[in-house]
Amino acid sequence: MQPNRVALFRPTINPRDQRFGRGLKQERWWLNNDPIATAFYNAMSVTFPRGEAFFVESVRAFRDGAPPALQNEINAFIKQEVNHSREHIAFNNRAIDSGYHIATLEADVIEMLERTRGRPPIVDLAATMALEHFTAMLAHELLANPKHLAGGEMATRELWRWHALEEIEHKGVAYDTWLHATRNWSRSKRWRLKALLMLLVTRNFIRGRVLGILELLRQDGITGPRAWFGIAWYALGTPGMLRRMIPGWISYFMPGFHPWKHDDRALIKLNESDYAAAVMPKLSEAA
Ligand SMILES: [Fe+2]
Ligand SMILES: [Fe+2]
């Protein structure tokens, strides 16, 4: 018996195999000519190729034996994440071409993933589920508040919106896989591991991204209080991405939580129509 499986809506997961910004000479500060905003997204993007490969492995480990509907969702989730990684590798290369050195940021991701070696697969799944909740909250913010990407380069904005749309679409997959994999666990055992991994992931996510942003800003000659206050204001003041994620973060610990209890259907629909209108003509022109 899978708790919640039947009761909640799930969208069709639709991998959109698209490419963004090929041949684009990316501005060093591509988002509003703002080094802090740019560093915020660049530092996240550096983590995606290896991070998403970890998500794929963690979920795929539980695919066999899952109900057919969930297996199909896992397969679509994998296709989406593989496409995201390919596009973020291209984006990261453009950031390198614009003058940034990202090797230290990559080394931190590698070291973090090395620490997961030998861990029980269910712990990796719980970490993936927590990180997928993080990405779904970020994605919701990106799509619900166009101001986050306002002033950014068009192709790069479309890359982030495409990624956000698909993250929302598949936001329940790791969670449903977890519900299936732990179907014989008690509620309290399930909650304890889920909550513990969310706390660890939160600490590591925030610490890792802040260090990454600081390093990129250092390369821009921005250090000390200017860098720290700039990051704090960007995350917690305006536009306040991290501050806006707090209610969603708390909901993760509540009894009966499921990503689709926050119904994003209208957001998907709205952004898919915007997205198609913005991207499709350009794709056909480029063809
Ligand atoms: Fe992704
Ligand atoms: Fe994802």
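Trainee: In which hand does α7 pass α8?
Mentor: The crossing of α7 and α8 is right-handed. Please keep in mind that this is a predicted model.

Trainee: Which residues make that contact?
Mentor: From α7 they are V210, I213, L214 and L217, and from α8 they are A227, W228 and I231. The residues of this contact divide into 7 nonpolar, no polar and no charged.

Trainee: And at what angle do the helices pack?
Mentor: Helix α7, residues 187-219, and helix α8, residues 224-237, pack at about 130 degrees. Their axes are 10 Å apart. That angle makes α7 oblique to α8, because roughly antiparallel would require an angle over 145 degrees.

Trainee: Turning to α4 and α6, how are they arranged?
Mentor: Helix α4 (residues 121-144) packs with helix α6 (residues 173-181) at an angle of about 150 degrees, and their axes lie 9 Å apart. The two helices are therefore roughly antiparallel to each other.

Trainee: Is that crossing left-handed or right-handed?
Mentor: The crossing of α4 and α6 is left-handed.

Trainee: Which residues meet there?
Mentor: On the α4 side, I122, L125, A126, T128, M129 and E132 take part. They meet A174, Y175, T177, W178 and A181 of α6. The residues of this contact divide into 8 nonpolar, 2 polar and 1 charged.

Trainee: Let us change topic to the metals. What are the protein donors of the iron ion (ligand 1)?
Mentor: The protein donors are E52 through OE, E81 through OE, H84 through ND1, H163 through NE2 and E167 through OE. They lie 1.9 to 2.3 Å from the iron ion (ligand 1).

Trainee: What spacing do these donors follow along the chain?
Mentor: The donors of the iron ion (ligand 1) follow E-x28-E-x2-H-x78-H-x3-E.

Trainee: How far apart in helical turns are E81 and H84?
Mentor: They are separated by about one helical turn, because E81 and H84 are 3 residues apart in helix α2, which spans residues 68-97.

Trainee: Are those two buried or exposed?
Mentor: E81 has 1% relative accessibility, so E81 counts as buried. H84, at 0% relative accessibility, also counts as buried. The cut-off for buried is under 20%.

Trainee: Which residue bridges the iron ion (ligand 1) and the iron ion (ligand 2)?
Mentor: That residue is E81, and the two iron ions lie 3.8 Å apart.

Note on methods. Residues are numbered from 1 along each chain as its sequence is written. Chains are lettered from A and ligands numbered from 1 in the order in which they are written. This is a predicted model: local features need pLDDT of at least 70, side-chain atom pairs count only at pLDDT 80 or more; totals for chains, interfaces and linings use all residues. Side-chain values use heavy atoms; hydrogens and water are left out. Donors are N, O and S atoms within 2.8 Å of the metal (3.2 Å for Na, K and Ca); water is not among the atoms, so sites may look incomplete. Helices (H or I, at least four residues) and strands (E, at least two) are DSSP runs, numbered from the N terminus. Buried means under 20% relative accessible area, exposed over 50%, partly exposed in between (1.4 Å probe, protein chains only). Axes are lines fitted to C-alpha atoms, for helices over the stretch in contact, and angles run from 0 to 180 degrees between N-to-C directions. Angles under 35 degrees count as roughly parallel, over 145 as roughly antiparallel, 65 to 115 as roughly perpendicular and the rest as oblique. A crossing is left-handed if the near helix is turned anticlockwise from the far one by less than a right angle, and right-handed if clockwise. Contact means heavy atoms within 4.5 Å. Ala, Val, Leu, Ile, Met, Phe, Trp, Tyr, Cys and Pro count as nonpolar, Asp, Glu, Lys and Arg as charged, and the others, Gly among them, as polar.
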